[in-house]
Amino acid sequence: MKKSILLYVIKRVALMSVCAFTLSACVSCGGGEETAPSSSTLESSKPAFTVRDDNNPTGESGLEEGKYTDGEFVYYISNNNATVIDYIGNKKQVEIPSRVDDIPVTSIGDNAFADISTIESIKVPSSVANIGNFAFSYCTGLKTIELPLNLVTLGSYAFNHCSSLESCVIPDSVSNLPQSVFYYCSSLKQVSLPKYLGGIPKETFFYCTSLEEFTMPEFATGVGDYAFTGCSALKKINCGENLATIGKESFRYCTAIQTLDFSKCKSIGIGSKSFANCASLKKVIYPNEKGASGDAFMGCEGIEYVNG
């Protein structure tokens with residue numbers, strides 16, 4: 001009798017333990033609010049892909065249109081092209097891949113690297129043809145950038161306030177520049193613009209205070225408003241024969257310029273306050289055909305004007 005009672009108690013205790021374990025598992029794995037998946041978890045559940053950098057794709061990609069990440073870059077994939085839309089890595093030297101899951105990386109989107117102060121160098125692959133507006137804006141630690149030789153478009157304010165950028169070569173494949181590409185790049189000393197560029201747009205080198213010498217592209221016909229305003233270290237401007245117009249306040253406060261030589265130009269027209277407050281300017285050499293606004297040299301004392 002005692003033995004049967006003991007067995008009965010043991011069975012009841014075992015049954016209660018199993019029920020307790022099952023209830024605990026249901027609570028921990030249930031669909032209540034505390035265990036609902038976050039949006040970031042859902043986002044990361046998209047198909048994983050590998051990053052590749054080769055010229056021989058192995059097949060069609062199975063990725064659908066949308067956002068994807070490899071842990072360093074965020075891409076938007078559409079029409080079998082990938083655009084870099086954000087950088088979430090922590091590297092100082094950044095090399096953008098040319099392909100993701102056999103899809104070519106063809107663009108860098110607007111603001112893709114904006115406000116990332118820790119990046120020091122960026123290499124853009126040959127697959128990239130387009131760089132968006134403000135793409136590298138306020139990358140204050142960026143010192144060097146390598147652009148591909150077949151780049152087609154570069155957005156406005158692309159290097160806005162890249163205060164550590166020292167040099168940049170924009171390839172000849174870029175036929176037009178938008179405004180303000182190097183706006184407030186205060187460390188910029190050397191720059192090469194496309195050979196066939198038709199002019200220097202508005203605010204291109206606005207307050208690039210380390211730029212000492214600049215050679216106009218061979219086919220440039222004009223300089224936009226405020227293009228070199230505040231370039232206080234600029235001492236020499238090399239003008240080609242095709243230069244014909246200089247915009248409003250385009251060289252204002254360029255306080256290191258001593259001589260302007262337009263003698264190679266066929267003709268020259270100088271806009272309002274173009275060279276105002278250029279305190280060191282002492283000599284202007286004109287071509288035979290010229291025209292200048294009455295206040296073009298406002299605040300410049302004792303200038304000698306010479307016909308070339």
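Is Phe 113 buried or exposed? Phe 113 counts as buried, at 0% relative accessibility. Buried here means under 20% relative accessible area, exposed over 50%, and partly exposed in between, with a 1.4 Å probe and protein chains only.

A word on the model. This is a predicted model: local features need pLDDT of at least 70, side-chain atom pairs count only at pLDDT 80 or more, and totals for chains, interfaces and linings use all residues. Residues are numbered from 1 along each chain as its sequence is written, and side-chain values use heavy atoms, with hydrogens and water left out.

Now the overall picture. The chain has two helices and 23 strands. Those are DSSP runs, numbered from the N terminus: helices are H or I with at least four residues, strands are E with at least two. The chain has 308 residues, and 42% of them count as buried. Its accessible surface is about 16300 Å², with 51% belonging to carbon and sulfur atoms. Areas come from the Shrake-Rupley method with a 1.4 Å probe; for residues, only the protein chains shown count as cover.

Back to Phe 113. The whole structure holds 24 aromatic pairs. One of them is Phe 113 with Phe 136, stacked, at 5.4 Å centre to centre and 25 degrees between the planes. Rings of Phe, Tyr and Trp (its six-membered ring) pair if their centres lie within 6.5 Å; planes under 30 degrees apart are stacked, over 60 edge-to-face, the rest tilted. Phe 113 sits in the loop between β7 (103-108) and β8 (121-123), Phe 136 in the loop between β9 (130-131) and β10 (144-146), so the pair ties together parts 23 residues apart in sequence. Phe 136 is buried too, at 0%.

Asp 115 is also in the loop between β7 and β8. Asp 115 is exposed, with a relative accessible area of 59%. Its phi is near 70 degrees, a positive value in a residue other than glycine.

Next, Arg 252. Where does Arg 252 lie? In the loop between β18 (245-246) and β19 (259-261). Arg 252 counts as buried, at 12% relative accessibility. Its side chain makes a polar contact with the side chain of Glu 249, at 3.4 Å. That term means N or O atoms within 3.5 Å; within protein, one must be able to donate a hydrogen and the other to accept it, and residues adjacent in sequence count only if both atoms are side-chain atoms.

Leaving out residues up to four places away in sequence, Arg 252 touches several others, including Phe 228, Met 298 and Asn 277. Contact means heavy atoms within 4.5 Å. Asn 277 lies in the loop between β20 (267-270) and β21 (283-286). Asn 277 is partly exposed, at 23%, and its phi is near 60 degrees, again positive in a residue other than glycine.
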